[in-house]
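Try each task before you read its solution.

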Amino acid sequence: MSHVIHIGSNLDVLPTLPDNSIDSIVTDPPYELGFMGKSWDSTGIAYSVALWKECLRVLKPGGHLLAFSGSRTYHRMTCAIEDAGFKVRDQIMWVYGSGFPKSHNISKAIDKAAGQERETVGFKSAGIGTGKSYGKIVGEREKVKTNLVAVTAPATEPAKQWDGWGTALKPAHEPICLARKPLEGTVANNVIKWGVGGINIDATRVCNERGNDDATELLDKCMDCLEDEPQGRFPANLMHDGSQEVVELLPGEEKSSAARFFYCPKASKSDRDEGCNEFSQRASTTYGEFKGKKEHGPKGAHNTRANHHPTVKPTELMRYLCRLITPPGGTVLDPFTGSGSTGRGAILEGFNFIGIELSSEYAAIAEARIKASEQNNK
């Protein structure tokens, strides 16, 4: 297995790659939301038909593409992928319990516009979680220094009327477009000629022996629902992070409910920073900072990280996705490499990897993280 990361625009680098040379594409493009004020998340590149045409060209006939997007912008990216010549095969949903809403407090906005100061009536958690203290309003005597924000009372009648109203929901899922380059002839003929065209079902069954440690721990819990499917459940187009919020929404008892879909939590600090010991610690951009509120933000908002990329996908999730659509010994391409999670997943699964990253700073982080995965594979 080998890897290479090209530094530059994917529109400049992709034309240098040979036709029909890539087995699969697994990528996490910008969601085009201007996330946390990042300029790279508002260029429109994810909607570029020219970009996806280049991806189509380098992909072998029958090769699959998996591309993440946001719930608000998925349709525009997917239309561009389809317009480029791909056949959209499915939509995979990655569901999780963590996340925070980018919501505007209408009641506060009304009082601010009226020039009225609101009375502080308590404090509550500003973080993300499900513990007993989450969202609980406490008084001044119980206030602690970390992770609490003031709760204020409406000062005007219109503000009272609109108290509790906002402008956005908490994000709890990210859609993934599953598309395929058109086949040459039948599926059987295509896979014999090009070695791609199918999905690796048995290698991605839920609760089989492969996957991350957390998923393996679920094996004992879900054996009662696997009596008729000893290899594990058929991979579905829904995956979740195993969080309590998600599991409680799924039908059935907890054991079988948690076992129905692929389990993968969001990226941990150890996952994010593995291999990055030589990089200086930097504070990640946070929603609070983006909004100009230095005094508070989501839990962990002021943490420093060697890998300061704001949208790191968990390695185990990328391993699963690479394994789903890549033949043994194949080459995975990621034209939006970021901090290298796709590359880590590809290398850990025994695939070759080609990445493209515009930022030399992020490319260096990706290189270090991928090299750490290579060491783990020895």
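**Exercise 1. Aromatic pairs**

How many aromatic pairs does a search of the whole structure find?

*Solution.* A search of the whole structure, which is a predicted model, turns up two aromatic pairs. To describe a pair of aromatic rings, you need the distance of the centres and the angle of the planes.

Step 1. Start with F68 and W94: their ring centres are 6.5 Å apart and their planes stand at 85°. Planes over 60 degrees apart count as edge-to-face, so F68 and W94 make an edge-to-face pair.

Step 2. Now place the two residues. F68 sits in strand β3 (residues 59-68) and W94 in strand β4 (residues 87-95), so this pair ties together parts that are 26 residues apart in sequence. Both F68 and W94 are buried.

Step 3. Go on to W162 and W165. Here the ring centres are 4.8 Å apart and the planes are at 75°, so this pair is edge-to-face too.

**Exercise 2. The chain as a whole**

Sum up the protein chain by its helices and strands, its burial and its contacts.

*Solution.* Step 1. Count the elements: the protein chain has 14 helices and 13 strands.

Step 1. Check burial. The chain has 378 residues, and 48% of them count as buried.

Step 2. Look at how far contacts reach along the sequence. Take the contacts between residues at least 6 apart in sequence; 76% of these join residues at least 24 apart.

**Exercise 3. Helices α2 and α3**

Work out how α2 and α3 are oriented to each other, and which residues make the contact.

*Solution.* Step 1. Helix α2 (residues 49-58) and helix α3 (residues 74-83) have axes that come within 8 Å and cross at roughly 50°.

Step 1. Roughly parallel needs an angle under 35 degrees, and roughly perpendicular starts at 65. The two helices α2 and α3 are therefore oblique to each other. The crossing of α2 past α3 is right-handed.

Step 2. List the residues: α2 brings V49, W52 and K53, while α3 brings M77, A80, I81 and D83. Sorted by class, the contact of α2 with α3 holds five nonpolar residues, two charged ones and no polar ones.

**Exercise 4. α13 and its two partners**

Compare the angles at which α13 packs with α12 and with α14, then name the residues involved.

*Solution.* Step 1. Take α12 (residues 315-325) first. Helix α12 and α13 pack at an angle of about 60°, their axes 8 Å apart. That makes α12 and α13 oblique to each other, and their crossing is right-handed.

Step 1. From α12, the contact uses T315, M318, R319 and C322; from α13, it uses S341, T342, R344, G345, A346 and L348. The contact of α12 with α13 divides into four nonpolar, four polar and two charged residues.

Step 2. How well covered is α12? Mostly: ten of its eleven residues are buried. Among the buried ones are T315, M318, R319 and C322, which also turn up in the contact with α13.

Step 3. Now α14. Helix α13 (residues 341-348) and helix α14 (residues 360-376) pack at about 15°, with axes 8 Å apart. The cut-off for roughly parallel is under 35 degrees, so α13 and α14 are roughly parallel. This crossing of α13 past α14 is right-handed.

Step 4. On the α13 side you'll find S341, G343, R344, I347 and L348, meeting R369, I370, A372, S373, E374 and N376 of α14. By class, the contact of α13 with α14 has four nonpolar, four polar and three charged residues.

**Exercise 5. Two loop residues**

Find the loops that hold N20 and R233, and say what to note about each residue.

*Solution.* Step 1. N20 lies between α1 (10-13) and β2 (22-27). Its phi is positive, about 50°, although N20 is not a glycine. With a relative accessible area of 27%, N20 is partly exposed.

Step 1. R233 is in the loop between α7 (213-221) and β8 (238-240). At 24% relative accessible area, R233 is partly exposed.

Step 2. Finally, relate R233 to R205: they are 28 residues apart in sequence, and 5.3 Å apart in space from C-alpha to C-alpha.

Conventions:
Residues are numbered from 1 along each chain as its sequence is written. This is a predicted model: local features need pLDDT of at least 70, side-chain atom pairs count only at pLDDT 80 or more; totals for chains, interfaces and linings use all residues. Side-chain values use heavy atoms; hydrogens and water are left out. Axes are lines fitted to C-alpha atoms, for helices over the stretch in contact, and angles run from 0 to 180 degrees between N-to-C directions. Helices (H or I, at least four residues) and strands (E, at least two) are DSSP runs, numbered from the N terminus. Angles under 35 degrees count as roughly parallel, over 145 as roughly antiparallel, 65 to 115 as roughly perpendicular and the rest as oblique. A crossing is left-handed if the near helix is turned anticlockwise from the far one by less than a right angle, and right-handed if clockwise. Contact means heavy atoms within 4.5 Å. Ala, Val, Leu, Ile, Met, Phe, Trp, Tyr, Cys and Pro count as nonpolar, Asp, Glu, Lys and Arg as charged, and the others, Gly among them, as polar. Buried means under 20% relative accessible area, exposed over 50%, partly exposed in between (1.4 Å probe, protein chains only). Rings of Phe, Tyr and Trp (its six-membered ring) pair if their centres lie within 6.5 Å; planes under 30 degrees apart count as stacked, over 60 as edge-to-face and the rest as tilted.
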